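Keep the viewer open and follow along.

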Amino acid sequence: MGNVYFITGASSDVGCLLIDRLLTAGSKEDIVVAQGYGDLSHLAPLCAKFKGQIRTYDVDLADPAAVNLFLTNVQQTLPTPTHIVHLPALRVVNTKFKNFDEARFALDMQVQAGAATAICKQFLPKMAKAKNGRVLFMLTSYVLGVPPKNTAAYVMAKEALHGLAKSLAADYAASGVTVNCVAPSMMETKFLTDTPDLIVQAAAEANPMGRNATPADVVPAMAFLLSEEARFITGITLPITGGSAV
């Protein structure tokens, strides 16, 4: 039996590149459970390349009932995941705190921390019983040091996910399940659609390497933390920032 990768936000730029890397390097028996929401067409080329190895699910992670149905279906129809990767978040909206949008924040908390909690509650006890597993969360360099102004909602949601990761790492270390995070600086993907070009350009100019991150900078580190070679690494948040956070 191969690995079973459970990847939320799989249709993102990072998700697609990670799937390609994992399945190219892995076994024909490996399976990817790939969640997206309204954008599964981005996964079509990978489904064609890795025939029968990718199971796609269109699920709104902001809906707890939909998440529970999704998890139940996966548990009933597929083996327990060996790897969990949680990538999704609502896009960053730079806004002054006096205009804080409580409803949007609640959605982002559900997509990030709420969905991650449900996923881990469903699968981590079974991974622990198997004495092996990898869990990886996508954070942001905004949780390292001083965050940019006007990003309170985004930073709060990421910090909740960060707290979950640290707690799970402590809870499951003895059972062979590792829980880690990556924290990239601004990454040029379609996630930045709502971010003004001036902010993106300013972030690139301020980075010691003179540019923003790309998925190709981040995915290799993710693949390592998901590998057997990383079996003695847990509870860390790995900065991938070009030197902007040291």
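## Starting from one residue

Ile31 lies in strand β2; helices (H or I, at least four residues) and strands (E, at least two) are DSSP runs, numbered from the N terminus. Before going further, a word on ground rules: this is a predicted model, where local features need pLDDT of at least 70, side-chain atom pairs count only at pLDDT 80 or more, and totals for chains, interfaces and linings use all residues. Residues are numbered from 1 along each chain as its sequence is written, and side-chain values use heavy atoms, with hydrogens and water left out.

Is Ile31 buried or exposed? Ile31 counts as buried because its relative accessibility is 10%. The cut-offs are under 20% relative accessible area for buried, over 50% for exposed, and partly exposed in between (1.4 Å probe, protein chains only). Leaving aside residues up to four places away in sequence, Ile31 touches Met1, Asn3, Val4, Tyr5, Gln53 and Arg55, where contact means heavy atoms within 4.5 Å. Leu78 sits 47 residues from Ile31 in sequence, yet their C-alpha atoms are 9.2 Å apart in space.

## The sheet around it

Zoom out and you'll find an open sheet of 7 strands in the order β3-β2-β1-β4-β5-β6-β7, with parallel pairing. The edges are β3 (54–58) and β7 (237–240), each of which pairs on one side only. On average, neighbouring strands of this sheet are turned by 15° against each other, direction ignored. Axes here are lines fitted to C-alpha atoms, for helices over the stretch in contact, and angles run from 0 to 180 degrees between N-to-C directions.

Helix α1 (residues 13–25) packs on this sheet and touches β1 (4–8), β2, β3, β4 (83–86) and β5 (133–138). The direction of α1 makes about 170° with that of β1.

Strands of a sheet pair through backbone hydrogen bonds, either parallel or antiparallel. In the table, two strands count as a pair if DSSP finds at least two bridges between them.

| Parallel pair | Bridges |
|---|---|
| β2 and β3 | 5 bridges |
| β1 and β4 | 4 bridges |
| β4 and β5 | 4 bridges |

Gln35 stands opposite Tyr57 in β3.

## Another helix with a buried side

Which residues of helix α7 (residues 215–225) are buried? They are Pro215, Val218, Val219, Ala221, Met222, Ala223 and Leu225. The cover over these buried residues includes α1, β4, β5, β6 and β7.

## Cysteines

How many disulfides does a search of the whole structure find? The count is 0, taking a disulfide as a pair of cysteine sulfur atoms within 2.5 Å. Cys16 is in no disulfide, and the nearest cysteine sulfur, that of Cys47, is 9.1 Å away. Cys16 counts as buried because its relative accessibility is 15%. For Cys120, the closest cysteine sulfur is in Cys181 at 10 Å, so it is too far for a bond. Cys120 also counts as buried, at 5% relative accessibility.

## An enclosed space

Rolling a probe the size of a water molecule over the atoms shows where empty space is left. A search of the whole structure finds 1 cavity of 30 Å³ or more. On a 1 Å grid over the protein atoms alone, a cavity is a set of points where a 1.4 Å probe fits but cannot get out, and lining residues have an atom within 4 Å of a point. Grid points are joined across faces, edges and corners, and a volume is the space filled by probe spheres set on the points.

The largest cavity has a volume of about 30 Å³. Its lining is made up of His162, Ala165, Lys166, Val179, Asn180, Cys181, Gly235, Ile236 and Thr237. Both α5 (152–172) and β6 (177–184) supply at least two residues of that lining.

## Two loop residues with positive phi

Lys131, in the loop between α4 (102–129) and β5, has a positive phi near 65° without being a glycine. Lys131 counts as exposed because its relative accessibility is 58%. Asn150, in the loop between β5 and α5, is not a glycine either and has a positive phi of about 65°. At 34% relative accessibility, Asn150 counts as partly exposed.

Methods
On a 1 Å grid over the protein atoms alone, a cavity is a set of points where a 1.4 Å probe fits but cannot get out, and a pocket is an open set with protein on both sides within 12 Å along at least five of seven lines; lining residues have an atom within 4 Å of a point.
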